[in-house]
Amino acid sequence: MFIKERYGKDMINLLHSELYKLRKSKSYKVAAALSVLFVLFTYALFGIMQNMGTGSGNPGTMEIVQKLSGIGIMDIMKQMFANCNAIIFATIFMCIFVINDYSSGAIKNFVGKGYRREEVYLAKFFVTELGAVTLYLLVAVSVLVLGIAYFGPEQLTGAFWTDFGNYLTMQVLYLTGYTAINVFVCAMARNMASGVLISVLGIMMFSGPILSGLDYFLGFLGVDFGISQYWIMSVISNCPAADIPSGFIVQSGIVAGGWLAAAVAGGMILFSKRDI
């Protein structure tokens, strides 16, 4: 009983410490500000393109304007998440928040004070997830608020709210798995340059195209198996913005949950065995 109480108290102390660091984190505040500014920039660019095309008599330009006129809030929302435009700042925040504790010696200090390694890793993981999810939600709120200001309230129908809620829920589910993978990568790298390089370039930008190319190569060889459909970045980019099929919800949910569990388990094992 005493051991359970001690470990429970240790976990609470670690969580309080991590939450304090999150509140004081400059990288978190900068990532939040840049996320909102990026959404604002997207709407501003959209408006500029429409205004430039409206006064032009060029048939090609008018065709582009016609296509732009059909874009709505959910299209901007999908661009932010499916194209990874919004999550790059959250990814950089994760790398800084996790790796700084290794470079500053904070992790070594916690372990030296007698805290269990598993609890140290989980506390960092939970608070990093909290920070990342709030950044994702901030992007969604920014898209919604600026979208209402830009497009007007006409799009806010019952169907819109259903699509918005469903899409945001699924993306947050996927991104918890994505965040877990990045926490694992940063704990493994323990170096800012390599951590950011692997997380941003390796995972976020190029992992999806590489696996899609591998699928094509396997198909050319006659192997009917799509590896990319089981990768977290693929479900993030392939999730429909409206009328999400139930089959896709189940399959993508299993993929996200699987990567979440695998990344947390792998991180705890790595952290418990490796020298700090």
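1. Basis. The model is predicted, so local features need pLDDT of at least 70 and side-chain atom pairs count only at pLDDT 80 or more, while totals for chains, interfaces and linings use all residues. Residues are numbered from 1 along each chain as its sequence is written, and side-chain values use heavy atoms, with hydrogens and water left out.

2. Packing of H5 and H8. Helices here are DSSP runs (H or I, at least four residues), numbered from the N terminus. The axes of H5 (residues 87–103) and H8 (residues 158–189) come within 9 Å and cross at roughly 35°. Axes are lines fitted to C-alpha atoms over the stretch in contact, with angles from 0 to 180 degrees between N-to-C directions. The crossing is right-handed, that is, the near helix is turned clockwise from the far one by less than a right angle.

3. Residues at this crossing. Contact means heavy atoms within 4.5 Å. On the H5 side the meeting residues include Ile-87, Met-94, Cys-95 and Tyr-102, and on the H8 side they include Leu-175, Tyr-178, Asn-182 and Cys-186. By class, the contact of H5 with H8 has 11 nonpolar, 3 polar and no charged residues. Under the classes applied, Cys and Tyr count as nonpolar, and Asp, Glu, Lys and Arg as charged.

4. Cysteines. The structure holds 0 disulfides, a disulfide being a pair of cysteine sulfur atoms within 2.5 Å. The sulfur of Cys-95 has its closest cysteine sulfur in Cys-186, at 3.7 Å, which is too far for a bond. Cys-95 is buried, at a relative accessible area of 0%, and Cys-239 is likewise buried at 0%. Buried means under 20% relative accessible area, exposed over 50%, and partly exposed in between (1.4 Å probe, protein chains only).

5. Nonpolar core. The largest nonpolar core has 79 residues, and those with the most contacts inside it are Phe-81, Tyr-136, Tyr-178, Ile-232 and Met-233. Such a core is a set of buried Ala, Val, Leu, Ile, Met, Phe, Trp, Tyr and Cys residues joined through side-chain atoms within 4.5 Å. Beyond its neighbours within four places in sequence, Met-233 is in contact with Cys-84, Ile-87, Tyr-178, Ile-203, Met-204 and Ser-207.

6. In H4 (residues 73–82), 7 of 10 residues are buried, Phe-81 among them. Just after H4, Cys-84 takes a positive phi of about 65°. Thr-176 lies in H8 and counts as buried at 17% relative accessibility. Not counting residues up to four places away in sequence, Thr-176 touches Glu-129, Val-133 and Leu-260.

Key:
Helices (H or I, at least four residues) and strands (E, at least two) are DSSP runs, numbered from the N terminus.
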